[in-house]
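Please read it beside the sequence and the model.

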Amino acid sequence: MAATPQNPAAETPRRKASRHRGEGQWAAGHFTPLNGNEQFKKDDDGLNVRTRIETIYSKRGFQSIDPNDLRGRMRWWGLYTQRKPGIDGGKTAILEPEELDDEYFMLRVRIDGGRLTTAQLRVIGEISQEFARGTADLTDRQNVQYHWIRIEDVPEIWNRLEAVGLSTTEACGDTPRVILGSPVAGIAEDEIIDGTPAIDEIQRRIIGDQAFSNLPRKFKSAISGSPLLDVAHEINDIAFVGVVHPEHGPGFDLWVGGGLSTNPKIGQRLGAWVPLDEVPDVYEGVISIFRDYGYRRLRTRARLKFLVADWGTEKFRQVLETEYLKRALIDGPAPDQPVERWRDHVGVHRQKDGLYYVGFAPRVGRVDGTTLTKIAEVAEAHGSGRVRTTAEQKMVVLDVAKDQVDSLVAGLEALDLAVRPSPFRRGTMACTGIEYCKLAIVETKARGASLIDELERRIPEFDEPLTININGCPNACARIQVADIGLKGQLVLNADGEQVEGYQVHLGGALGLEAGFGRKVRGLKVTSDELPDYIERVLTRFKEEREDGERFAAWASRASEESLS
């Protein structure tokens with residue numbers, strides 16, 4: 001379809017680079033690496049590092065790893081060095097990478113569409129117990145993350161994962177990352193269209209192919225036919241959202257250019273309707289545009305959202321159609337607004353085949369290997385062989401007979417996995433934080449878990465949908481800008497003038513219903529210790545001041561700074 005990365009301009013007319021001269025766009029003839037990341041990718045494709053891991057590094061140990069592999073190419077196989085214990089947040093931006101690196105790794109298991117069999121889940125749990133000190137966090141991109149992984153154990157971990165059809169291929173790095181999919185694809189009673197065949201074909205065609213393994217930055221994607229809009233499509237580089245065309249029937253609305261971090265942007269519709277069987281072609285066209293035209297000079301401006309913002313949707317669609325697809329796309333409708341605020345599939349729900357699925361909420365995505373193996377056992381004991389992860393750090397058990405539901409719910413809740421959680425348990429999300437992440441400034445997971453307990457104790461009567469997203473740094477892995485209450489970790493001054501862990505507060509962000517970014521009140525920061533008091537105070541004011549049926553995000557956008565402080 002598209003030109004190869006070795007000569008991406010071969011089939012593309014030369015364009016005047018104008019203000020983007022020197023941005024490193026391959027399609028403009030700029031092939032000279034403009035930073036260290038582009039240099040090491042040009043020197044050797046990241047996918048090639050697997051051979052060195054298997055034949056050299058796993059045998060000779062951590063000290064044998066080439067620095068460009070250690071902090072670069074190993075990400076192509078889901079490996080990041082984790083933070084050395086005992087380094088406080090004030091040193092995060094000061095120390096050199098080698099001073100922050102521990103001799104252990106985070107390893108991310110790629111779970112496209114969130115789809116797992118109970119046999120696969122059991123293997124994930126067993127690997128956690130044997131090689132990862134029991135760690136196994138559920139991410140907001142449907143993956144599982146291990147910590148404490150030794151390089152010596154990586155080949156054996158790969159063998160065990162791949163024996164059951166799992167992979168860490170391109171789980172990190174400047175690559176096509178995991179493809180988000182509806183956790184209830186193919187079974188939900190209200191589903192518009194099942195995107196699973198497209199996810200499978202994209203995996204087969206794109207993932208692990210060196211034609212697409214050197215992108216300017218990460219490439220995040222999502223495909224869902226659920227009317228709940230359950231894959232955070234607004235903040236992905238590319239997303240396919242289920243819609244019904246008045247003439248052509250069910251298909252997908254195409255979005256591009258979403259993303260958060262320090263320069264957040266909501267994705268934009270191209271106004272195109274894509275039938276299911278054409279989704280892989282369109283995906284390949286968009287990722288090829290990113291590869292060929294994406295900015296490779298500054299890492300901070302290399303995501304697809306910057307190209308989309310500069311080009312605009314009309315030009316982006318025109319280039320996609322004329323240079324890559326070689327045909328016009330069909331105009332189509334926008335997705336309807338979801339009728340439900342929660343889109344995590346928590347609770348008991350009927351499937352279209354008469355069976356039931358049961359979604360449950362761990363605390364801030366934190367589970368462990370023992371719990372995962374027990375989830376597999378409980379599911380199988382109640383007739384299920386399939387589970388799903390969600391884009392909200394939750395899990396779902398599929399295919400449960402009606403007479404087995406109550407017993408399954410009891411079995412899950414005995415593991416502290418809430419099927420009927422409070423709004424605080426259900427709506428609180430946290431990134432990895434300073435415990436393991438080299439970019440983090442503050443603690444997140446333990447802080448989120450304790451916050452849930454404290455809010456449940458203080459305001460047990462609160463029953464409104466509410467999201468509280470906690471991030472350890474400005475990079476927004478936990479989506480702080482699109483939460484009702486977003487907490488960006490930073491060091492702040494307490495009442496005694498001492499520098500302590502705390503958060504900058506964002507209020508009133510949302511996805512789905514009236515998607516947009518939260519409001520920052522000037523100077524509104526709280527220490528970690530003050531966090532329960534602050535949230536209790538704000539929620540009390542919300543209950544006092546809200547209009548009938550008003551959501552927290554709508555209230556926060558109009559409330560006075562005094563009410564929000």
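1. F424, F462, F542, F552 and W555 together make up one aromatic cluster. Rings of Phe, Tyr and Trp (its six-membered ring) pair if their centres lie within 6.5 Å; planes under 30 degrees apart are called stacked, over 60 edge-to-face, and the rest tilted.

2. This is a predicted model, in which local features need pLDDT of at least 70 and side-chain atom pairs count only at pLDDT 80 or more, while totals for chains, interfaces and linings use all residues. Residues are numbered from 1 along each chain as its sequence is written, and side-chain values use heavy atoms, with hydrogens and water left out.

3. The structure holds 15 aromatic pairs. Among them, F219 and F290 are stacked, at 5.8 Å centre to centre and with 25° between the planes. This pair links distant parts of the chain, 71 residues apart: F219 is in strand β7 (residues 219-224) and F290 in helix α8 (residues 279-293). Helices (H or I, at least four residues) and strands (E, at least two) are DSSP runs, numbered from the N terminus. Both F219 and F290 are buried, that is, under 20% relative accessible area, with exposed meaning over 50% and partly exposed in between (1.4 Å probe, protein chains only).

4. W311 and F316 form a tilted pair, 6.0 Å centre to centre with 55° between the planes. W311 and F316 are buried.

5. D140 is located in the loop between β4 (135-138) and β5 (144-149). D140 counts as buried because its relative accessibility is 9%.
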